[in-house]
Amino acid sequence: MKRPRLEQYLMELILLALCVVFALTAPGFMRTRNLLNVMRNVALQGMIAFSMTAVIISGEIDLSVGSAVAFAGVIMAWLTQWFTSFGLPLAVGIPIAVILTLVASSVVGWTIAYMRNAFSVPTFITSLAYLTMLSGFANLITGGFPITSFPRWFNTLGGGSFLSVPVPALFLIVVFAAFEFIMNHTSFGRSIYAVGGNAEAARLNGINVKRVKYVLLSLTGCLAGVTGILVASQIMAGTPTVGRGWELQIISAVIIGGASLAGGAGRIRGTLIGIFFLGVIINGMTLLNISQYWQLVVRGALILIAILINNLRGLTGATRT
Amino acid sequence: MVLELKNLRKTYPGTVAVTDLSVRFEGGKVHAIVGKNGSGKSTAIKMVAGAVMPDRGSISLDDRPLHLGSTFDAIHQGIATVYQELSLFPDLSVAENICFHELPHRGVRVDWAATRRRALDVLRELDLEVDPDTRVDSLSVGWQQLVEISKAINHDLKVLILDEPTSALSKDEVDQLFRVVRRIRDRGVIVLYISHRLQELPAIADTVTVLRDGDLVGRRTMTETTLAQIVSMMFGDVEHVRMTPTIPEQAEVALEVRNLTRKPWFEDISFSLRAGEILGIAGMLGSGRTELLRSIFGADSFDSGTVLVSGKPIRRPTPARLKLYGLAYTPENRKTQGLIQIQTVQENLTLAGKQSLSRRGVRNRTLERAAAMQQVNDLSIKISSLDTVVETLSGGNQQKVVVGNWLNDHPRVVLFDEPSRGIDVDAKQQIFRIIWRLSDDGIASIIVSTELEELLEVCHRILVLRDGTLQQEIVPGTVSVEALYNACIGVAQ
């Protein structure tokens with residue numbers, strides 16, 4: 001059996017050390033409200049990051065998630081507005097709008113897999129195209145302005161708390177648990193690792209490689225949809241400008257968490273550490289009044305440092321070819 | 001010009017590849033070098049090409065000893081080798097590829113006009129009509145092979161080694177290749193020609209050198225010998241001990257193939273396989289044997305025909321579906337097709353059978369571990385721990401992991417593609433014993449192999465595949481290896 005060794009928890013220890021440093025230096029860092037705030041902030045990107053981890057482990061990638069978040073929020077707001085114009089009560093219109101938004105978001109993800117499976121278009125290319133296209137659609141639908149069609153109670157989803165825990169954080173916990181279970185305890189999870197490790201061997205082992213890609217990319221689209229709805233609820237509007245640049249922040253978190261861009265290796269738990277790493281650093285530096293520009297430099301450097309540390313402990317194949 | 005090999009010896013851990021080889025090759029002739037797998041011909045050639053250092057012995061050209069520390073040395077001594085795997089740059093033009101080793105320069109800039117001229121000279125000399133500006137990847141494999149040879153001509157060529165040059169070529173392309181080889185020979189170059197396709201030798205070879213088990217068996221002038229004689233030199237007199245278990249007369253048909261066709265690989269293949277039966281498919285490289293096996297397993301599509309498992313025709317076959325019907329397939333190339341190299345032994349041993357080791361899609365790690373452990377014990381896989389990464393295992397152990405992985409899925413028919421490639425004698429015997437044990441348990445096997453002695457040793461029945469069609473059925477024990485070999489290459493006795 002594997003013995004737990006100190007270096008296997010190196011990233012966790014560094015994160016802990018970072019928290020201690022901020023607790024001692026940054027005013028208000030350890031306050032419950034601030035910590036809950038960190039959770040709320042990381043929760044939105046976090047959900048997508050878990051799904052992205054699975055996608056990357058399977059050897060694919062989805063660059064469209066940032067625009068997909070904006071697209072979903074806009075669709076949600078627009079549908080709500082449209083239903084209201086028919087005189088449909090909001091209590092009925094909003095749930096239907098949620099379902100339709102999630103279906104639309106999943107279908108978008110599914111088509112990325114379809115291009116891959118049917119025409120061998122790399123997911124990198126299709127999702128890069130979607131990154132631009134979805135942003136365009138979001139702007140077309142809104143005309144560039146926010147749609148504010150939501151009733152006050154809708155804010156609970158993204159802005160509310162349950163037992164003082166922010167609702168998005170609850171979502172994060174559920175999605176984390178679900179992905180931990182899928183990746184480590186299901187036959188499907190094994191298929192994901194096998195497809196990323198060697199797609200041809202996986203196929204010859206009787207694994208339906210195409211199905212794995214359909215499921216994972218649809219799921220990622222769906223979770224981008226969920227996040228888009230939460231963001232819309234938080235800011236009480238459907239806005240085409242949200243989610244800009246998220247795709248790279250999410251992929252950064254996945255890489256910091258130790259997943260290999262070559263596929264086949266990575267952990268959901270690692271990604272959890274990755275998103276908290278980024279969240280804590282931004283929060284701490286903001287509290288310390290460190291300039292936005294320095295924050296960018298530090299966040300970038302963190303990716304490189306994390307890769308070096310992951311290679312050191314020999315966990316990943318981040319640099320494996 | 002004379003290339004002389006004197007007392008060459010090369011050993012690898014556990015085996016002697018070349019025992020004590022002395023032979024002379026004169027210029028202006030094509031010298032074929034033949035021998036079955038493991039005869040030492042590849043090692044001998046690699047020593048001349050500078051890719052492998054001999055343990056002792058010497059190689060000399062016109063009584064001048066050559067020091068071949070690397071392939072680079074060999075190239076600069078005028079020894080060029082064209083391997084089966086081509087070393088061209090597909091995105092570059094024919095001219096750039098031909099002149100790649102020494103592109104003409106004017107100052108710091110490449111002189112493209114001179115590059116083109118030089119390439120054109122070489123092509124003209126070989127009587128090859130191809131535009132030097134053509135991109136290499138737009139050429140057929142046969143033409144690419146010719147470009148590769150033209151590239152070798154560019155140097156001060158003394159020895160040209162051709163390693164299985166015709167294995168991927170069509171009939172017309174082979175004829176053209178031979179014309180080029182003869183032109184080069186007529187310039188006085190020493191041509192060493194390695195091929196499995198004995199039937200081509202009368203057309204191209206001037207002499208034939210036969211190796212067996214690392215020793216020189218003999219050398220003949222092509223016009224004074226026959227293919228049958230060469231084959232008997234290759235195999236010698238060997239007795240085969242057969243341990244194949246008998247199969248019950250009334251065993252039901254486990255797998256049936258009806259009129260399976262996939263052009264241009266194979267055509268109208270029909271046979272059936274009873275439970276517990278071990279069926280060999282013998283055929284040379286390019287006979288369509290691997291393609292046939294892959295189509296049966298649903299890994300490649302086919303044009304027409306039917307595969308029936310236990311009497312049921314399989315519609316829209318895929319590996320996933322055939323697995324459900326109890327088929328298993330161990331691929332030819334275990335590294336790229338059989339194993340997930342970055343995963344552990346346990347993971348690789350439980351991949352094919354992962355459905356049966358889980359309940360409603362939820363894994364049972366205790367079961368997985370037990371199943372992996374059982375295969376490690378049954379197949380005597382040598383590992384320090386189940387958590388060892390499979391990449392680090394020896395070829396034989398990796399092959400056993402591939403087999404064990406499928407046994408954990410409890411198949412009814414196992415398709416083995418070259419199960420003994422690249423593994424040592426002990427591991428081979430163990431794989432055969434596994435196949436016999438499966439037979440005892442009523443599990444049928446199909447074995448595709450170039451190792452004809454092995455097929456004669458292991459199988460109940462052997463089908464001979466040549467140029468994509470089934471030629472005949474052979475019952476081991478009634479025929480010699482030579483006869484089987486002759487059937488494979490289409491030479492009458």
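Leaving aside neighbours within four places in sequence, Y193(B) is in contact with V30(B), H31(B), A32(B), I33(B), L162(B), I204(B) and A205(B). Contact means C-beta atoms, placed from the backbone, within 7 Å. This is a predicted model: local features need pLDDT of at least 70, side-chain atom pairs count only at pLDDT 80 or more, and totals for chains, interfaces and linings use all residues. Residues are numbered from 1 along each chain as its sequence is written, while chains are lettered from A and ligands numbered from 1 in the order in which they are written.

**Nonpolar core**
- The largest nonpolar core holds 223 residues, and Y193(B) is among those with the most contacts inside it, along with V191(B), L415(B) and L484(B).
- Helix α10 (residues 209-235) of chain A gives the most to this core, 14 residues.
- Domain 1 (2-235) and domain 2 (253-489) of chain B each supply at least three residues of this core.
- Such a core is a set of buried Ala, Val, Leu, Ile, Met, Phe, Trp, Tyr and Cys residues joined through C-beta atoms within 7 Å.
- A residue is buried if 20 or more other C-beta atoms lie within 10 Å of its own, exposed if 12 or fewer, and partly exposed in between.

**Domains of chain B**
- Chain B is divided into domain 1 (2-235) and domain 2 (253-489), with bounds from an automatic or database domain assignment.
- Their centres, taken over C-alpha atoms, are 34 Å apart.
- Eleven residues from domain 1 and eleven from domain 2 make the contact.

**Chain B against chain A**
- In this pairing, 23 residues of chain B are in contact with 20 residues of chain A.
- On the chain B side, α10 (319-324), α11 (334-338) and β20 (362-363) each supply at least two residues.
- Helices (H or I, at least four residues) and strands (E, at least two) are DSSP runs, numbered from the N terminus.

**A helix pair in chain B**
- Helices α5 (residues 141-153) and α6 (residues 171-186) of chain B pack at an angle of about 10°, with axes 10 Å apart.
- α5(B) and α6(B) are therefore roughly parallel, a term for angles under 35 degrees.
- Among the residues making the contact are L146(B) of α5(B) and V180(B) of α6(B).

**An exposed residue**
- T366(B) lies in helix α13 (residues 365-378) of chain B.
- T366(B) counts as exposed because it has 9 C-beta neighbours inside 10 Å.
- T366(B) and P202(B) are 164 residues apart in sequence and 62 Å apart in space, C-alpha to C-alpha.

How values were computed:
Two residues are in contact if their C-beta atoms, placed from the backbone, lie within 7 Å. Axes are lines fitted to C-alpha atoms, for helices over the stretch in contact, and angles run from 0 to 180 degrees between N-to-C directions. Angles under 35 degrees count as roughly parallel, over 145 as roughly antiparallel, 65 to 115 as roughly perpendicular and the rest as oblique.
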